[in-house]
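User: Got a model I'd like to go through with you. Can you put it up?

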Amino acid sequence: MITLNYRDSKPIYEQVKDGFRKLILSGGLPTGERLPSVRELAAELAINPNTIQRAYRELEAEGFIYSIAGKGSFAAALSEVTDRRRETLLEAFNEAASELLRLGVPEADLAARLHTLLEGETP
């Protein structure tokens, strides 16, 4: 289900979050599917349960999963995830673009970068 790379500089909880994000967005974890309990996943991955708890808490805050007291955590509906994620990323985009403009990056440079992304090239 989730694989970890202990040599990666990315924290373990981020790797767990990324793994679940990919599973949910790809449909590998269908809407309403129960996630392993914190203890189950911690034992399976041989890591501290607090690490899993942090990943689950952040996934829930981002709208990827939801929890039901006494029952566990479940994958959120893909439509809700994509809508919420889109909103979050657009807010981050607006903040970054605004800061870049304040730092003196010309509007034309930002537009060219966006155009490059749309063409599928790496800026």
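User: Let's start with charges. Which residue forms a salt bridge with Glu14, and how far apart are the closest N and O atoms?
Analyst: Lys17 does, with the closest N and O atoms 3.8 Å apart. Bear in mind that this is a predicted model.

User: Where do Glu14 and Lys17 sit relative to each other?
Analyst: Both are in helix H1, three residues apart, so about one helical turn separates them.

User: Is Lys17 buried or exposed?
Analyst: Buried, because its relative accessibility is 3% and the cut-off is under 20%.

User: Which other salt bridge does Lys17 form?
Analyst: One with Glu62, where the closest N and O atoms are 3.2 Å apart. Glu62 is in the loop between H3 and S1 while Lys17 is in H1, so this pair ties together parts 45 residues apart in sequence. Glu62 counts as partly exposed, at 22% relative accessibility.

User: Which residues are linked with these in a network of salt bridges?
Analyst: The network links Lys10, Glu14, Lys17, Asp18, Arg21, Arg54, Glu58 and Glu62.

User: How many salt bridges does a search of the whole structure find?
Analyst: Nine. One of them pairs Asp83 with Arg86, closest N and O atoms 3.2 Å apart. Those two are three residues apart in helix H4 (residues 78-102), so again about one helical turn separates them. Asp83 is partly exposed at 45% relative accessible area, and Arg86 is partly exposed at 48%.

User: Back to Lys10. Where is it found, and what does it touch?
Analyst: Lys10 is in the segment before H1. Not counting residues up to four places away in sequence, Lys10 touches Gln15 and Asp18. Its side chain makes a polar contact of 2.5 Å with the side chain of Asp18. Lys10 is partly exposed, with 34% relative accessible area.

User: And Gln15, buried or exposed?
Analyst: Gln15 is buried, at 9% relative accessibility. This residue lies in H1, which covers residues 12-26. Leaving aside neighbours within four places, its contacts are Thr3, Leu4, Asn5, Asp8 and Lys10.

User: Switching to strands. How do S1 and S2 run?
Analyst: Antiparallel, with four bridges joining S1 (residues 65-68) to S2 (residues 72-75). Ile65 has Ala75 as its bridge partner in S2. The two strands form a hairpin with three residues between them. Gly70, in the turn, has a positive phi of about 80°.

User: What does the side chain of Ser73 pair with in a polar contact?
Analyst: The side chain of Ser67, at 3.2 Å. Ser73 is in S2 and is buried, with 11% relative accessible area. Beyond four places in sequence, Ser73 touches Glu33, Arg34, Leu35, Tyr56, Ile65, Tyr66 and Ser67.

User: Which residue has a positive phi although it is not a glycine?
Analyst: Ala46, at about 55°. Most residues other than glycine have a negative phi. Ala46 lies in the loop between H2 (38-45) and H3 (49-61), and counts as exposed at 66% relative accessibility.

User: Last topic, the surface. Which residues form a nonpolar patch?
Analyst: Phe93, Leu114, Leu117 and Leu118, with about 430 Å² of accessible area together. Helix H5 (residues 107-118) gives the largest share, three residues. Leu118 lies in H5 and counts as exposed, at 70% relative accessibility.

User: How far apart are Leu114 and Lys10 in space?
Analyst: They are 27 Å apart, C-alpha to C-alpha, and 104 residues apart in sequence.

Methods. Residues are numbered from 1 along each chain as its sequence is written. Side-chain values use heavy atoms; hydrogens and water are left out. Two strands pair if DSSP finds at least two bridges between them. Buried means under 20% relative accessible area, exposed over 50%, partly exposed in between (1.4 Å probe, protein chains only). Contact means heavy atoms within 4.5 Å. Patches are made of residues with over 30% relative accessible area and no salt bridge: like charges are joined within 9 Å, nonpolar side chains (Val, Leu, Ile, Met, Phe, Trp, Tyr) within 5 Å. Accessible areas come from the Shrake-Rupley method with a 1.4 Å probe; for residues, only the protein chains shown count as cover. A salt bridge is a side-chain nitrogen of Lys or Arg within 4 Å of a carboxyl oxygen of Asp or Glu. A polar contact is a pair of N or O atoms within 3.5 Å; within protein, one must be able to donate a hydrogen and the other to accept it, and residues adjacent in sequence count only if both atoms are side-chain atoms.
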